[in-house]
Amino acid sequence: MQVPLLLFQVGATRLLTVDYVVLALYFAVIFAIGWYFARRERDTADYFLAGRDVTWWAIGASLFSSNIGSEHFIGLSGTGASSGMAVGHFEWLAALIVLLLGWVFVPFYLRTNVYTMPEFLERRYNGACRTYLATVSLIAYIFTKIAVALFAGAIVLKAVLGWGMWQSTLALVVATGIYTIAGGLAAGIYTEVIQTVILVGGALVLAFIGLDKVGGWHGLQTSVPTEFFHMMKPAADKEFPWTGIFFGAPILGIWYWCTDQVIVQRTLAARNIEQARGGTVVAGFLKILPVFILVVPGMVARVLYPTEMAADSNAAFPLLVARLMPPGLQGVMIAAMLAALMSSLSAVFNSSSTIFTMDFYQKLRPEASEKHLVNVGRVATVVMVGLALLWIPLMSRISSQLWIYLQSVQAYVSPPIAAVFLFGIAWRRVNGQGALASLLVGFVLGTVRFILEVVYAGQTLQGFLGWFVGMNFLHFAVLMFVVCVAVLVVVSLLTPAPSEEQLAGL
């Protein structure tokens, strides 16, 4: 995937002294927080779970900020520019699903006192399930969270500062790594509180300026196709069919919000269940905003810059920043986009190091000191970043739209994981054999679809292969989920029920 040629033109933006002052103040505050927690935190519980002493307002802001990254600024705005508001379903659905995390899943997680989601699967099922989830999570982070965040961040920096792809990614990795790898989860959470304020404030300013330029809400309605305001698309729609939104998107949402280490780790750091639940409520309200501060600006960009949007809709948000924000406020907006990028990268850096350290390395070296475990987690994070950088040029073979690429890959990963977590909590009869069989079947289905989509990108296929590869990614998620649930239930009923000792404490 190449940086669009459009961005080489946008990159001519000139920042004034006040913009650089704003950026300098932002980085000074962020690094100061990281330095503070680097001096304060000493053991693994402190480093990976912030001492389990975080309050509801910090958890809520952290959940939102670690979720909203540059891929949202680039992806949501770009898809809004190309197809309208239907992409907003993912955001409003998340506002509800995050409540499931607080009221259904978190009580189980906190009662078992786990550090990671793979560790929870071992408690509920067996060690093989733990190994599977840890492995798949790390692989998924490379293809989705890290690669997407770095690519989106490079687009942002290219658009507003004129930096090249590799310059941008290196700067982002180093800057984020300084405070995250040094300070652990607490550094991530408390910087994310600040970043949430900057992110929402900056995006709101740009949204109001953009709407004013197109004549307000009425002007926007009369300037884009009518279907851009239709949230419900036909079942045959290639991107967001209503059947996929209603039945497929919740599967992706449950996996992401209720079982993914990056998100759940914020609630595991809560002082108690009530604080964790309060945090999910705050995050739920905040997730209402992206449709208005990210998707709508993308539609504004389509009206103001139709030629550029026809060439590459991913450039929508950076283009608005470069051309609409007045001198002085550009620094604020760049800080907002960098806040989004760095918070999401910070979240995945800490979570990936936690999974690798606690689910792999500590089992191989149980005698390792806590300081050694923390250092190993840091090294693992660096390796994953390197692998993600190698993958970036191939991302466009899945989709040229960043948001659809991200959701597509997640659709090939999430169904089996969502199935074993949901049924593991809801039905005590399912067992380790059924869970492992379900996970492996889902892995094969998802991997085959992923590989075929990369290999046959842009080709017209016929027969079963054409149906399998050409199926909408949300419909494919539904198919995978049904198959995985069937395997889980059937294999569990054909094998012995889990013992009461195994289920104790759940």
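How many cavities of 30 Å³ or more does the structure hold? The structure holds 3 of them, where a cavity is, on a 1 Å grid over the protein atoms alone, a set of points where a 1.4 Å probe fits but cannot get out.

1. Basis of the note. This is a predicted model, in which local features need pLDDT of at least 70 and side-chain atom pairs count only at pLDDT 80 or more, while totals for chains, interfaces and linings use all residues. Residues are numbered from 1 along each chain as its sequence is written, and side-chain values use heavy atoms, with hydrogens and water left out.

2. Overall make-up. The chain has 23 helices and 0 strands, both being DSSP runs numbered from the N terminus (helices are H or I with at least four residues, strands are E with at least two). Of its 506 residues, 61% count as buried, a word that stands for under 20% relative accessible area, computed with a 1.4 Å probe on protein chains only. Among contacts with a separation of 6 or more, 84% join residues 24 or more positions apart; a contact means heavy atoms within 4.5 Å.

3. Confidence. The pLDDT, which is the predictor's confidence in each residue from 0 to 100, averages 83 over the chain, and 88% of the residues score at least 70. Helix α1 (residues 6–10) has the lowest confidence, with a mean of 39, whereas α22 has the highest, at 97. Over residues 1–12 the pLDDT stays under 50, and the model has 28 contacts for this stretch beyond four places in sequence. Residues 41–51 also have a pLDDT below 50, and the model gives that stretch 43 contacts beyond near neighbours in sequence.

4. The largest cavity. About 330 Å³ of space lies in the largest cavity, a volume being the space filled by probe spheres set on the grid points, which are joined across faces, edges and corners. The cavity is lined by 26 residues, of which N67, H72, Y256, Q407 and Q410 are the closest to its centre; lining residues have an atom within 4 Å of a point. At least two lining residues come from each of α4, α5 (70–83), α6 (89–112), α8, α11 (242–259), α17 (329–364) and α19. By class, the lining divides into 14 nonpolar, 8 polar and 4 charged residues, where Ala, Val, Leu, Ile, Met, Phe, Trp, Tyr, Cys and Pro count as nonpolar, Asp, Glu, Lys and Arg as charged, and the others, Gly among them, as polar.

5. The second largest cavity. This cavity has a volume of about 60 Å³, and the residues that line it include M117, L133, W255, D260 and I417. Helices α8, α11 and α19 are the elements that give two or more residues to this lining, and α8 gives the most, with 5 residues. The lining has 8 nonpolar residues, 3 polar and 1 charged.

6. The largest pocket. A pocket, as used here, is an open set of points with protein on both sides within 12 Å along at least five of seven lines. The largest pocket holds about 670 Å³ of space, and of the 27 residues that line it, I398, R449, E453, V469 and G470 are the closest to its centre. Helices α19 (402–426), α20 (432–455), α21 (463–470) and α22 (473–494) each supply at least two of the lining residues. The lining is made up of 10 nonpolar, 11 polar and 6 charged residues.

7. The second largest pocket. Its volume is about 280 Å³, and of the 14 residues in its lining, I139, F143, V413, F443 and T447 lie nearest the centre. Helices α8 (127–161), α19 and α20 each supply at least two of the lining residues. By class, 12 of the lining residues are nonpolar, 2 are polar and none is charged. V413 also belongs to the lining of the second largest cavity.

8. Two buried residues. Q275 lies in helix α13 (residues 273–286) and counts as buried because its relative accessibility is 18%. The side chain of Q275 reaches the backbone nitrogen of W56 at 2.8 Å, and, not counting residues up to four places away in sequence, Q275 touches V54, T55, W56, I59 and A270. S62, which lies in helix α4 (residues 56–67), is buried with a relative accessible area of 0%. S62 and I194 are 132 residues apart in sequence, and their C-alpha atoms are 9.3 Å apart in space.

Note on methods. Buried < 20%, exposed > 50% of the residue type's maximum accessible area, 1.4 Å probe, protein only. Polar contact = N/O pair within 3.5 Å; in protein donor to acceptor, adjacent residues only side chain to side chain.
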